[in-house]
Amino acid sequence: MKLVACVKTTPDTTAAVKVENSQATWGDAPLVINPWDEYAVEAALKLKEANGGTVTVISVGGEEARIALKHALAMGADDAVLISDPALAGVDPQAIAHILTAAIQKLGGVDVAFFGRQAIDDDSGTTPAQAARLLGWPALTLVSVIKVDGRSLRVERAIEEGRQIVTAKLPAVVSLVKDSGEPRYPSFMGIRKASKAEIPTWSLSQIGIPAPAAVIEHVTLINAPVREVVCELITGGNPQEIAEHLAEKILGEKQL
Amino acid sequence: MNTLVYIDNFKGEALPASWEAVGVGKTLGKVTGLIFGSGLEALAKTAFEYGVDEILLADDVSLADYRAEVYATTLKQVCGDQGCDVLLFPSTSRGRELAAMAAIDLNTGVLVDAVALEANGDKLTVTRPIYSGKVLEKVTCALKPQIITLRGRAFPKPAPQPGKTGPVKKVAAGSGALTTVDGYTTSEGGVSLTDANIIVSGGRGMAENPTLQPPADLDAKQAEIWRAQQGFAKLKEMADVLGGAVGASRAAVDAGYVPYAMQVGQTGKLVSPNVYIACGISGAIQHLAGMRSSKMIVAINKDAEAPIFKLARYGVVGDLHQIIPALTVAFKKRLGK
């Protein structure tokens, strides 16, 4: 099977992100592979282990995108492609969907394109569905369980009401949620291999598309309002007394 | 403005965020509700009561199960025939996906997860959280239709007007199915986390109850999980009294205490209840990212230095395993249950 995982580099989840000079900054917090994308890479590797084939990881971005690609290579992906182009400055998630679609088409013969459910920086979560629509492939989003049966996939999708069990023919787009399986840690050998890997860079003209126009206009960035609360500590002589006092306070706020 | 609002339903039951979207649509003018599925007469009736002015109804057995491609094609046909300036969706799993596909199909953009909306003439500006709500961005889209998904519980739910009704126009179901739906496994009932008015959430501290005696045949790890699950059962009792839902921190999920579906935080569910009671949760930045928009936070933790207290309106420094059962009793008494 020819498997692809699309990955992105983001600030770590512990990063204290704030706005400075109209830009989002995160100080010296590390850049990492988007945590959701680790599940995409893991799912691709598991499918390869069960059915044979190759796993190619793709990222769109500047030099920082290599961080996600190298992590995926260290986890065990076979090869990586970086799509980088000066014309990419300021692209939005929808443009990324167009670019990834073109790259998947250029690779050719791809059976499954895996995505994380969303990137933890932009939080849009629209790229998998948009790429599927552009490719004309079934969108198997928010997947927690994957079974391959010949040329079809049977998946369980996490929805508000529980799980929806869906079957589709390959090729397909699959986006993963967390309970699809914990991503493996890169092995020592994997990290060595990844550090030496030569990652080819494709420009937009190499994947055969013009720079997609940004459809979203960014007006401004603002820091999330600071929560101004003073914590009132509830005390008492015993748990019952504390509980009585706390219940009275909570109900007194008239929020229930 | 010609505003269409997608009313997300599962087996004829609307998700509450759909009504919030109708409420937002009404602030822009007349609202046309889009309802897709099968056997939807009752839902159409309810939609009018929540303020929808007219309904475009695709009621067909081929739409009985949500399938992205068929629903997206139905939507594309409807928008093409009807013409529309604004297309609103609730930010549910289906709403987000359809909005994303509609942006492709209709050659426009999509603004996801709005928590505020401003209209300047015909142009809408959306405020949306990014970096898990650590930062907010304001965005617009110059193309038409303007497609926006609205985060659940960020906008008020309109009060229903019993007996209000309006015209229903039937529209055809789309084609282009690429999947078949084999069935569902539904989660055990109760209030869903994202819709809940009140959430009682447990963390690592749920296992720290030495007074419980686990069955003798459990090893240390199993005994820890067993202890935590007894604790979570107590949280459920309290949530039931309050009509709320039970959540958990990532630490509790990763330790195997409760399933991932209960996880609140950056890599779990984003919730914004009126009251969030954090029990034995220290308040890691990733957890705060998932619940910081709660109206009121209450923290119960034995560690007075836990960061969660910085966000809390009320706090108890103490043993949650003693406080929780007593608190449940106190709520029962006060609520007359």
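How many bridges join β15(A) to strand β18 (residues 314–317) of chain B? Two, and the strands run parallel; the legends below take that spot and several others in turn.

This is a predicted model, where local features need pLDDT of at least 70, side-chain atom pairs count only at pLDDT 80 or more, and totals for chains, interfaces and linings use all residues. Residues are numbered from 1 along each chain as its sequence is written, while chains are lettered from A and ligands numbered from 1 in the order in which they are written.

**View 1. Chain A as a whole.** Chain A comes with seven helices and 15 strands (DSSP runs numbered from the N terminus: helices are H or I of at least four residues, strands are E of at least two). Its C-alpha atoms fill a box of roughly 70 × 45 × 40 Å along the principal axes. Of the 256 residues in chain A, 48% are buried (20 or more other C-beta atoms within 10 Å of a residue's own make it buried, 12 or fewer make it exposed, anything in between is partly exposed, and C-beta atoms are placed from the backbone). Take the contacts in chain A between residues at least 6 apart in sequence: 69% join residues at least 24 apart (a contact means C-beta atoms, placed from the backbone, within 7 Å).

View 2. Leaving out residues up to four places away in sequence, A:Ala5 touches A:Ala40, A:Val41, A:Ala44, A:Val55, A:Val57, A:Ala72, A:Ala77 and A:Phe114.

View 3. Ten strands line up as β13(A)-β7(A)-β6(A)-β1(A)-β8(A)-β12(A)-β9(A)-β10(A)-β11(A)-β13(B), an open sheet with mixed pairing (strands pair if DSSP finds at least two bridges between them). At the edges stand β13 (201–202) of chain A and β13 (179–186) of chain B, each with a single partner strand, so one side of each has no neighbour in the sheet. The chains meet where β11(A) and β13(B) pair in the antiparallel sense over seven bridges, and A:Val166 sits opposite B:Val181 there. Helix α1 (residues 35–51) of chain A lies across β1 (2–6), β6 (54–60), β8 (112–116), β9 and β12 (172–176) of chain A, at about 150° to β8(A) (axes are lines fitted to C-alpha atoms, for helices over the stretch in contact, and angles run from 0 to 180 degrees between N-to-C directions).

**View 4. Where chain A touches chain B.** Here 64 residues of chain A are in contact with 78 residues of chain B. The largest share of chain A's side, 10 residues, comes from α7(A). That side divides into 32 nonpolar, 16 polar and 16 charged residues (Ala, Val, Leu, Ile, Met, Phe, Trp, Tyr, Cys and Pro count as nonpolar, Asp, Glu, Lys and Arg as charged, and the others, Gly among them, as polar). Strand β14(A) pairs with β10 (residues 135–141) of chain B in the antiparallel sense over seven bridges, with A:His218 opposite B:Val139.

**View 5. Strand β18(B) and its partners.** Back to the opening question: A:Leu233 has B:Gly315 as its bridge partner in β18(B). Strand β17 (residues 296–301) of chain B also runs parallel to β18(B), joined by four bridges, and B:Ile300 stands opposite B:Val316.

**View 6. The parallel sheet of chain B.** Seven strands of chain B form an open sheet in the order β7-β11-β6-β1-β4-β5-β12, with parallel pairing. Its edge strands are β7 (110–114) and β12 (168–170), each pairing on one side only. From one strand to the next, the twist averages 25°. Three bridges join β5 (residues 54–59) of chain B to β12(B), where B:Leu56 stands opposite B:Lys169. Helix α2 (residues 41–49) of chain B packs on the sheet and touches β4 (31–37), β5 and β12 of chain B, its direction making about 160° with that of β4(B).

Definitions and conventions. Two residues are in contact if their C-beta atoms, placed from the backbone, lie within 7 Å.
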